[in-house]
Amino acid sequence: MTETLKGSLRTEVVIADEKGSGNANHRYLIRDNETGDTLGEINFQNGPIKEVGVNGISHEDLLAIVAHRLKCFQAGPFSCRENALALTKIQEALHWLAHRTSGRQERGVEGTHQE
């Protein structure tokens with residue numbers, strides 16, 4: 001069974017794999033609701049980098065892209081309060097993910113399946 005998530009008004013996000021490492025999915029397709037065309041694909045890291053190497057993007061990569069786009073909009077004619085609030089929350093998410101990584105590095109478990 002294929003699971004879908006709500007995307008934007010014209011898109012849906014299709015979860016395109018089974019849950020794996022960490023009980024998370026790793027492959028997502030973004031499709032046009034009207035045509036069914038695949039507009040994009042996102043592949044997240046699957047497995048610890050120290051064990052399997054880099055094979056996908058991180059949460060931080062995806063959030064950095066969205067933060068950059070919002071910063072660009074905020075510097076142009078589409079600046080608005082909602083974009084500023086969304087950008088703040090994305091920056092906060094990046095902060096907490098970096099905090100988690102720092103703690104894992106201090107414990108010597110970053111890049112592994114260890115807690």
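Two strands are taken to pair if DSSP finds at least two bridges between them. Helices (H or I, at least four residues) and strands (E, at least two) are DSSP runs, numbered from the N terminus. The model is predicted: local features need pLDDT of at least 70, side-chain atom pairs count only at pLDDT 80 or more, and totals for chains, interfaces and linings use all residues. Residues are numbered from 1 along each chain as its sequence is written, and side-chain values use heavy atoms, with hydrogens and water left out.

The protein holds four strands and three helices. Their order along the sequence is β-β-β-β-α-α-α. The C-alpha trace spans about 45 × 40 × 20 Å along its principal axes.

The four strands build an open sheet, ordered 1-2-3-4, with antiparallel pairing. Strand 1 (3–6) and strand 4 (38–43) are the edge strands, each pairing on one side only. Strand 1 runs antiparallel to strand 2 (residues 11–15), and four bridges join the two. T4 has V14 of strand 2 as its bridge partner.

Of the 115 residues, 21% are buried, that is, under 20% relative accessible area with a 1.4 Å probe, protein chains only. Among contacts (heavy atoms within 4.5 Å) between residues at least 6 apart in sequence, 20% join residues at least 24 apart.

Conventions:
Buried means under 20% relative accessible area, exposed over 50%, partly exposed in between (1.4 Å probe, protein chains only).
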